[in-house]
Structure formats: structure tokens, C-alpha cells
Amino acid sequence: MYKDNTDIQQLASLKTLKDVKDWVEIAYPRWIVGTAKRFSDDYPHLTCSWVEMCKTLKVKPAEILLVSYLPHKEDTERKILNAVCDIFSRSGFVIRRAHEFQQCTICESLLPSQQVWNKLTVKPPFEWKNCCRMCEKSA
Ligand SMILES: [Zn+2]
């Protein structure tokens, strides 16, 4: 799935991030599942690691890119997809597996899915919910 299927020169010739997004949607259909603006405040480490990544790359956080598949960095059969990931990262996007997250039912920020939550080795001091704790309070 999503192995290199085109000439990387095609990707190199694209000028804007929108061009890359449009190209990806044709070259790798359904790889991009969606985008989100933010993570829930209940899981600050998710936002922290994103901000740290952006600091390292000297860019501003843009959006969360949700994908159906995340290639290994050293995957020699998916160099193009890794290059696409690089382009998005260098534009301030954090890339996460779509199936590991779901949106808060109230504010639409991202929460880990219940399955992922159950597997956390260090669990937050509250039960998993399908909305943020603050959102639940104000609802
Ligand atoms: Zn919320």
C-alpha cells in the first residue's frame, strides 16, 4: 500500500502546498483522511510535541494532518510518501494516524480514540470520554 508509484521529480516540480495536496489526492487516493485544527486540552503532551517539532523546524504550527497510513522514515519502498510527509512537516503540519483519533463531540478538537487510550502506558487521571472535560462541564 502506498509504495512509490511515480517519479519523485513530479513531486519536486510542485510549487505550493496546495499543489502538493492536490497531487497527493490523485497519486495516493484516500491517504489524507482529513485535517483538524487542534488537539484537546485534556492531552497537552500532544500539542507540546507538535510545538516542539515546529520549533525544531522553525515554522509555525499549521494543522493536524490525519492520514490512513504512516510510513516508516527508512522505508525504501515509500520514499515519495516520506517526502510528502516532510513537505507537510516543514509547513507546520503534524501528521497522525486518523484511526487513532476522534473529534470532541462539542468543540471538534482531537482526542485519542478509546482503543489508543486503553493502550496508554501512562494514563491521564480521568476516564476516557468522547469530549473534552471542559466541554462536558460547559455543556
Ligand atoms: Zn472539546
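Colleague: Which strands make up the open sheet, and in what order?
Modeller: This is a predicted model. In it, three strands form an open sheet, ordered β1-β2-β3, with mixed pairing.

Colleague: And which are the edge strands?
Modeller: β1 (32–36) and β3 (94–97), each of which pairs on one side only. From one strand to the next, the twist averages 30°.

Colleague: How do β1 and β2 run, parallel or antiparallel?
Modeller: Antiparallel, with four bridges joining β1 to β2.

Colleague: What stands opposite I32?
Modeller: V67, in β2.

Colleague: Remind me what holds paired strands together in general. What do they pair through?
Modeller: Backbone hydrogen bonds, and the strands of a sheet can be parallel or antiparallel.

Colleague: Let's step back. How many helices and strands are in the chain?
Modeller: The chain has six helices and five strands. Along the sequence the pattern reads α-α-β-α-β-α-β-β-β-α-α.

Colleague: What does the C-alpha trace span?
Modeller: About 50 × 30 × 25 Å along the principal axes of the chain.

Colleague: What share of the residues counts as buried?
Modeller: 21% of the 139 residues in the chain.

Colleague: What about contacts, how much comes from residues 24 or more positions apart?
Modeller: Taking the contacts in the chain with a separation of 6 or more, 72% are between residues 24 or more positions apart.

Colleague: On to the helices. Which residues of α4 are buried?
Modeller: I80, L81, V84 and F88 are buried in α4. They sit on the same side of α4, because the arc they cover around the axis is only 100°.

Colleague: Now the largest nonpolar core. Which of its residues touch the most other members?
Modeller: There are 22 residues in that core, and the ones touching the most other members are I64, L65, L66, L81, V84, F101 and L110.

Colleague: Which elements supply at least two residues of this core each?
Modeller: β2 (64–67), α4 (79–89) and β5 (110–112) each do. As a general point, nonpolar side chains tend to be buried together in soluble globular proteins.

Colleague: You listed F101. What does F101 touch, leaving out residues up to four places away in sequence?
Modeller: F101 touches L66, R96, L110, L111, P112 and S113. Of these, L66 and L110 are also on the list of core residues that touch the most other members.

Note on methods
Residues numbered from 1 in each chain as written. Predicted model: local features only at pLDDT ≥ 70, side-chain atom pairs only at ≥ 80, totals over all residues. Core = buried A, V, L, I, M, F, W, Y, C linked by C-beta atoms within 7 Å. Buried ≥ 20, exposed ≤ 12 C-beta atoms within 10 Å, placed from the backbone. Contact = placed C-beta atoms within 7 Å. Pairing = 2+ DSSP bridges. Axes fitted to C-alpha atoms, helices over the stretch in contact; angles between N-to-C directions. Arc of directions from axis to C-beta.
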